[in-house]
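Student: Hi, could we go through this one together? I'd like to start with the charged pairs and then move on to other things.

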Amino acid sequence: MKVEDFDFHLPEELIAQTPLADRTSSKLLVADYPNNELHHTTFQHILDELRAGDCLILNDTKVMPARLMGVKEETGASVEVLLLTQLADDEWETLVKPAKRVKIGTVISFGDGLLTATCTAIKDHGGRVFKMNYDGVFFEVLDQLGEMPLPPYIHEKLEDRDRYQTVYAKEQGSAAAPTAGLHFTSELLEAVEKKGVKIGYVTLHVGLGTFRPVSVDTIESHEMHAEFYRMPQVTADLINETKATGGRVVAVGTTSTRTLESVAKKFDGEVKEDSDWTSIFIYPGFEFKVIDAMITNFHLPKSTLVMLVSALTSRDFILNAYQEAIDQRYRFFSFGDAMLIKGKDFK
């Protein structure tokens with residue numbers, strides 16, 4: 001299967017640079033695959049598409065203010081460090097700019113010494129491992145010094161960094177937001193529960209690999225990055241109960257989808273409590289075991305995320321829906337509008 005088959009032309013002006021004032025006022029394209037229909041509404045009407053007995057699964061990961069601006073203690077030269085993955089209590093894998101200035105033993109100071117980082121290893125891809133030195137609680141220090149690591153296609157400054165955070169974010173660890181969840185407010189989630197739709201939470205810490213372009217010609221040759229997930233017992237029980245009573249499982253975002261399907265793949269179709277790393281790659285031909293529908297944003301051309309949403313329906317159906325969104329001037333990517341995709345078996 002060719003990567004080029006998932007390309008489309010997106011006018012640059014449709015890439016949303018800032019979030020809307022009201023999270024729920026985004027447009028919502030309902031892509032109803034079983035009935036081969038598309039219809040337009042706004043996100044606050046997502047309730048119209050859900051019914052009592054369904055369950056909504058959200059990713060409660062929290063984006064770290066993972067971009068740090070520091071100086072080399074030796075020379076005073078400026079260095080930018082982007083935290084990727086926590087390897088041990090105070091050891092982090094990072095990306096560094098400019099990387100050539102940072103060798104093993106280099107010490108970088110942030111906030112006039114409030115935090116220092118010593119390079120302990122150089123990774124194959126050019127990344128660096130740092131041992132962090134600080135007083136107090138690391139994430140409190142990071143909150144004081146760090147900036148939100150916005151995606152590379154966003155060029156505007158984010159005035160309120162809480163807008164790159166879901167209202168239910170809890171588990172620190174992501175380098176990027178699970179953006180489908182940005183459309184929900186606490187009030188809308190309350191309304192969802194009042195309708196009889198149960199809400200469950202999983203955790204998948206989103207890595208910057210989510211923005212990495214596919215650099216091979218065929219999909220089968222692409223290697224996915226690994227991300228850490230956690231499936232709590234209470235959420236596993238909720239999903240199993242929903243399935244047993246004829247409800248639909250609606251995943252909020254590709255990260256929730258990857259978590260649910262990773263667990264089911266690991267346990268031969270069953271959903272159980274689990275935590276692990278996943279590098280699952282979902283593209284057309286994949287057989288979904290858990291989700292019936294997905295709420296998601298609009299993704300980059302030729303990305304693994306476009307391939308994932310195509311797997312839930314078909315490539316032609318998704319590319320047609322994307323063209324409809326472009327024609328109707330929907331806003332794309334992280335701060336953009338949303339889709340509800342009803343999968344093949346959604347009834």
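Tutor: Let us start with Glu80, which counts as buried because its relative accessibility is 17%, and buried means under 20%. Please keep in mind that this is a predicted model.

Student: Okay, and which residue does Glu80 form a salt bridge with?

Tutor: The partner of Glu80 is Arg67, and the closest N and O atoms of this salt bridge are 2.6 Å apart. The two residues come from distant parts of the chain, Glu80 from strand S6 and Arg67 from strand S5 (residues 67-72), and they are 13 residues apart.

Student: How many salt bridges does the structure hold?

Tutor: There are 11 salt bridges in the structure. One of them joins Lys342 to Glu49, with 3.0 Å between the closest N and O atoms. Lys342 belongs to strand S17 (residues 338-342), whereas Glu49 sits in the loop between strand S2 (37-42) and S3, so this pair ties together parts that are 293 residues apart in sequence.

Student: Are Lys342 and Glu49 buried or exposed?

Tutor: Lys342 is buried, at a relative accessible area of 9%, and Glu49 is buried too, at 13%.

Student: What about Asp292, which residue does it form a salt bridge with?

Tutor: Asp292 forms a salt bridge with Lys243, in which the closest N and O atoms are 3.3 Å apart. Asp292 lies in the loop between strand S15 (274-278) and S16, and Lys243 lies in helix H3 (residues 233-244), so that the pair links distant parts of the chain, 49 residues apart. Asp292 counts as buried at 13% relative accessibility, while Lys243 is partly exposed, with a relative accessible area of 34%.

Student: Changing topic, which way do the residues of strand S14 point?

Tutor: In strand S14 (residues 249-252), Val249 and Ala251 point one way, Val250 and Val252 point the other way, and all of them are buried. In a regular strand the side chains alternate between the two faces of the sheet.

Student: And which strands does S14 pair with?

Tutor: S14 runs parallel to strand S3 (residues 55-59), to which 3 bridges join it, and in that pairing Val249 is the bridge partner of Cys55. S14 also pairs in the parallel sense with strand S16 (residues 293-297), again over 3 bridges, and there Val252 has Ile295 as its bridge partner.

Student: What classes are the lining residues, and which domains do they come from?

Tutor: The lining has 11 nonpolar, 9 polar and 5 charged residues, and at least three residues come from each of domain 1 (3-63 + 160-342) and domain 2 (67-147).

Student: Last one, how many cavities of 30 Å³ or more are there?

Tutor: The search finds 3 such cavities, and the largest cavity has a volume of about 100 Å³. Its lining is made of 14 residues, with Ser26, Arg163, Leu182, His183 and Phe335 nearest its centre, and by class this lining divides into 4 nonpolar, 6 polar and 4 charged residues.

Methods:
Residues numbered from 1 in each chain as written. Predicted model: local features only at pLDDT ≥ 70, side-chain atom pairs only at ≥ 80, totals over all residues. Heavy atoms only, no water. Nonpolar A, V, L, I, M, F, W, Y, C, P; charged D, E, K, R; others polar. Domains from an automatic or database assignment. Buried < 20%, exposed > 50% of the residue type's maximum accessible area, 1.4 Å probe, protein only. Helix = DSSP H or I, 4+ residues; strand = E, 2+ residues; numbered from the N terminus. Pairing = 2+ DSSP bridges. 1 Å grid on protein atoms, 1.4 Å probe; cavity = no way out; pocket = protein on both sides within 12 Å on 5 of 7 lines; lining within 4 Å. Points joined across faces, edges and corners; volume = space filled by probe spheres on them. Salt bridge = Lys/Arg side-chain N within 4 Å of Asp/Glu carboxyl O.
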